[in-house]
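I am opening my notebook on this structure and will go through a handful of local features in turn. Each entry records what I looked up and what I found.

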Amino acid sequence: MAYVQLKDNGFNRFKLFLKSMITELSRLSVDWEDVDVVKGLSCLRYLPETYKNDNIYAVSLQIARAINEERDDLLPYKTDTVELKKLTEMLKKERERVKKLIITHPLSINWTFEVKESECGSEGVFRYSLDSVKTIYSDMIVGLNPEECFQFDLFVSQQYVATYKKVKLETDDYGKKSAIYKRVNSDNKEFTWNGDSIIDVKLVCDTDDELFPSVINSCAPNLTIPQMLQKKGNRYVQQKDYASVECISLYRKPWRSECIDDVKDITIGGDEYRIAIFPEVSESQFIPMVNMETGEEIELKNMTSKYSVVFGGVYLPWLEKSSHALLTKRLFVDVYDEGGMRSGSGRIMCRQRGSLEWKEYSDKIIRPGIVDIKVIFPDGSFDVKTFYYIDELNFEAFDAAANSARIRCNLNWGNVYAVKQENVSYTVEQTTNHSVTWNVVRTPNTLKFPSTCSFEIHNPGNPALKISIPSPYEGLCLVKNEDELVSEDTVLSFNEFSQYRILCSEGKPHSMRISYTGMIGQERPITIYQKVKGGITPLSNFEDSINRLFNVNGVNSFDRTSAAILTLGDKDYRIRYFTMDSALNVLSETIEVHSLDTGAGFVNYEGKIFACKIVEPGEDTEPSVFQLDHLDCGSFKFPNETEDGDYIVFSDVYDKHRLIPRLYHIINGHLGDEAYTVRSANKKQNIDVWISELTHYGVENEKTWGLVPQYIEIADRWRLPFRTFNAISASVSSPVLMTKLLLRLLMDDKMDALSSAILKIEQECAMAVHWNRTDIVMEQFLQVTKDYSQRQQMKFFQDFKDALHNIMTLTLDADVADLMTRFLCGNLENVDADLLTNAEVNDFKRRAIGKNTDESNFNSDLPILHLNLVHSYYSAAIQMLPYQETLIKAPLYVYEYTQKWKDRLWGTSPERIKRRRIINFYRLHYKYTYYTILVKMLK
């Protein structure tokens with residue numbers, strides 16, 4: 001310690017290192033005698049190079065232990081000097097802060113189990129989804145740099161699920177920085193479990209860093225031991241704070257119970273299991289289970305622990321996939337209680353495969369192979385997960401060329417073998433006691449490009465461990481389904497992003513360009529440049545970037561030439577939501593399917609095609625959906641009894657390659673269509689008709705307003721663009737009609753349909769529900785309820801406010817939903833807006849960070865809009881760049897509309913639609929800044 005104190009300014013950095021170390025070690029199961037644990041900590045970056053040695057590590061570890069165990073007698077120094085006394089107090093304070101740190105809902109995976117019956121028997125399906133929290137603290141993500149990372153995207157199983165942006169950067173008394181990140185966008189995806197031992201959750205920063213946060217329940221259900229699940233709706237769950245008298249036990253041989261009579265066989269992922277259904281089981285009852293091979297006994301109870309556990313330290317940068325959840329020497333465990341507070345690491349036990357004896361966990365007593373880890377919670381309940389302990393196993397690649405490379409496996413146990421793959425050959429070049437080296441060669445000039453190299457490790461007494469690592473070859477290419485080379489002419493389906501991967505040689509990052517072509521293939525000015533790291537990068541990593549281009553330019557699904565353009569190396573790929581088109585065969589009066597790929601013709605489409613009957617205002621029928629007949633020749637035909645009228649033809653909701661919805665008509669029993677330009681002109685005329693009719697009639701009219709909710713339900717049910725139906729486009733074309741739509745949906749008790757669709761409607765139609773005025777909302781409400789009794793009116797008004805509150809929560813944020821609802825409903829006092837302070841404006845300017853971060857094109861992807869405001873809201877002396885000005889003025893422009901100062905927001909002209917689309921862009925991607933400014937004005 002004397003040495004440390006004497007080293008110039010190094011002691012200050014050493015203090016920062018110790019403080020961060022206390023935080024990181026609070027999550028680990030630590031062997032206090034092993035200095036190697038320090039070498040794996042991210043806080044090591046705070047130490048000067050001259051401090052990085054085993055002596056400093058040992059002293060640091062001893063200090064951390066003394067603080068962690070609250071034992072001053074273990075401190076390697078005396079606290080009789082002011083400096084060391086302050087150091088000790090600081091570390092104790094940090095330990096208390098870590099212990100009290102509360103995150104209301106940590107990142108967690110939610111699992112459900114469903115039993116499906118068929119002629120082949122019963123099948124069990126596990127599904128999972130990420131419970132993405134509203135707020136994330138930088139301290140919770142190891143390796144996250146709060147100063148440099150402004151935003152990050154979350155991915156589950158290589159698919160995008162959420163975006164978070166930094167809303168606050170704090171510096172404590174000791175100079176340590178931390179940040180608060182708020183969720184600004186999310187996609188509530190549910191995934192079907194395919195047997196992966198660990199669910200991959202990845203965080204991609206705008207600095208291009210990729211981090212793998214620890215997530216509750218990211219380990220798959222441990223089906224090696226019996227499980228009890230509770231009934232919830234049509235599924236079964238193991239969920240904290242949830243109880244159900246109806247349960248099932250799920251197990252497989254050699255487990256059984258003498259108390260279970262009614263047992264059903266079931267398959268999960270091709271493996272055979274058994275379930276027993278218990279219609280009524282109290283929390284005090286239990287089901288005894290016994291392993292008929294080992295004699296192990298357990299008791300299944302109808303209750304779940306209030307504690308949750310996160311197993312960390314299982315991420316390996318060289319690993320692509322493995323047959324088991326892998327465990328290395330650095331295991332850390334986090335335990336959370338029902339309030340989301342960390343409760344330490346619990347008591348950790350372990351046992352080797354074949355043993356019934358549980359021992360205190362230590363990496364010094366376990367051997368490579370299958371090992372069970374048991375975490376005993378403070379209330380005595382526990383969780384058991386099974387891992388494959390690999391000690392210090394690792395793979396490395398070198399000498400990479402376009403079609404060859406060398407791969408070395410370093411291990412001191414078991415035997416490793418290369419797995420035969422099509423178009424790949426492995427030749428063992430060298431074998432030692434601790435490694436095996438292969439020369440790997442792929443067959444060039446084929447349509448296959450294997451994305452991984454696979455190996456098996458045999459270890460006596462354990463199942464074969466299967467491991468895949470990224471292909472090591474030099475170069476850059478795009479593959480689908482792991483090994484299919486994608487040709488340049490292919491149109492990529494946005495619905496299949498999880499199947500595409502970019503292969504890039506290690507150590508040589510490449511740049512990728514994403515642009516957009518609009519009407520007649522003209523490229524738009526905004527382009528996003530992204531770096532592609534070495535290894536395998538899922539195309540879904542760039543989903544948010546592509547969505548940004550769609551949001552600022554419009555999806556334009558009906559324009560066959562519009563697409564996002566992905567430029568990878570010297571190849572261009574088009575990306576669309578709908579990659580197929582349909583066309584009329586005039587001779588046979590059938591519908592043929594064509595791919596939008598360059599040069600592609602007729603396709604024998606394997607999916608289903610449906611049609612929706614279009615009902616115009618004043619007609620007595622309702623829109624209906626039916627399936628077209630699939631002919632042997634591959635074409636589709638309307639059923640013979642189909643009546644005359646207009647029909648929208650589209651593909652099944654689950655088809656990966658989907659058809660652009662297209663209008664056809666049947667006249668005198670004959671099928672016909674029109675050219676795109678004619679359809680486009682007719683569409684504009686028909687929208688004007690709908691606007692006129694919806695404006696003229698009240699919301700109670702069934703032949704106009706009664707049709708709109710039906711079209712919304714159809715578009716949402718079949719995942720069609722909402723602009724497919726002119727009735728929807730018309731109903732959101734002005735604040736008056738939009739308010740009438742909300743009231744009609746509430747009258748029909750169909751607000752749920754709008755809740756699931758509103759985000760897409762606002763984006764597609766370049767509008768927002770909160771772009772409204774109190775006088776318009778209340779005038780339409782009073783018009784609808786003019787014949788209601790006072791009691792009926794009050795109840796309907798409360799229902800209306802609840803519906804608006806839900807929409808504001810979905811489209812803006814829960815924090816401002818109440819205020820926005822009060823404003824729209826006339827319950828907010830109208831006061832003069834405060835000016836934005838210089839500090840606020842400068843903070844907002846700093847938040848305008850796009851995807852382009854290189855100096856040569858910094859923030860060039862952010863759209864610019866010249867917005868002329870009626871009043872001034874900040875000092876004219878503040879200088880800002882055009883995109884910063886657009887970000888700040890966008891919510892101010894909306895505010896001025898709400899105050900009736902000038903209506904330049906709504907309208908159907910291309911200029912106004914573009915203006916609304918760009919304002920919406922900043923609302924979607926800079927939500928916190930947008931609503932912070934808007935709310936300050938309204939207050």
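Which backbone oxygen does the side chain of Q710 reach? I found that the side chain of Q710 reaches the backbone oxygen of G706 at 3.0 Å.

Before going further I note that this is a predicted model, in which local features need pLDDT of at least 70 and side-chain atom pairs count only at pLDDT 80 or more, while totals for chains, interfaces and linings use all residues. Residues are numbered from 1 along each chain as its sequence is written, and side-chain values use heavy atoms, with hydrogens and water left out.

Entry on Q710. I placed Q710 in helix 8, residues 708-717; helices (H or I, at least four residues) and strands (E, at least two) are DSSP runs, numbered from the N terminus. Q710 counts as buried, with 15% relative accessibility, where buried means under 20% relative accessible area, exposed over 50% and partly exposed in between, for a 1.4 Å probe and protein chains only. Not counting residues up to four places away in sequence, I listed E622, P623 and K750 as what Q710 touches, contact meaning heavy atoms within 4.5 Å.

For helix 17 I checked the length: its 16 residues should span 22 Å at 1.5 Å a residue, and the end C-alpha atoms are 22 Å apart, which agrees; the expected span is 1.5 Å times one less than the number of residues. The buried residues of helix 17 include R915, F921 and H925. Helix 18, residues 927-938, has 12 residues and reaches 16 Å from its first C-alpha to its last, close to the 16 Å expected. Because 10 of its 12 residues are buried, helix 18 is largely enclosed by the rest of the structure. Among the buried residues of helix 18 I noted Y930, Y931 and M937, and the elements against which its buried residues pack include strand 6 (177-186), helix 13 (790-811) and helix 17 (910-925).

Entry on H925. I returned to helix 17 for H925, which counts as buried at 6% relative accessibility. Leaving aside neighbours within four places in sequence, H925 is in contact with K165, D544, R548 and N551. The side chains of H925 and N551 are joined by a polar contact of 3.0 Å, the term standing for a pair of N or O atoms within 3.5 Å, of which, within protein, one must be able to donate a hydrogen and the other to accept it, residues adjacent in sequence counting only if both atoms are side-chain atoms.

I traced an open sheet of four strands in the order 34-33-36-39, with antiparallel pairing; two strands pair if DSSP finds at least two bridges between them. Its edge strands, each pairing on one side only, are strand 34 (484-485) and strand 39 (535-538). Strand 36, residues 500-504, runs antiparallel to strand 39 and is joined to it by four bridges, and C504 stands opposite G535 in strand 39.

Entry on cysteines. How many disulfides does the rule give? The count comes to zero, a disulfide being a pair of cysteine sulfur atoms within 2.5 Å. I looked at C350 as one case: its closest cysteine sulfur, in C219, is 16 Å away, too far for a bond. C350 is buried, with a relative accessible area of 2%.
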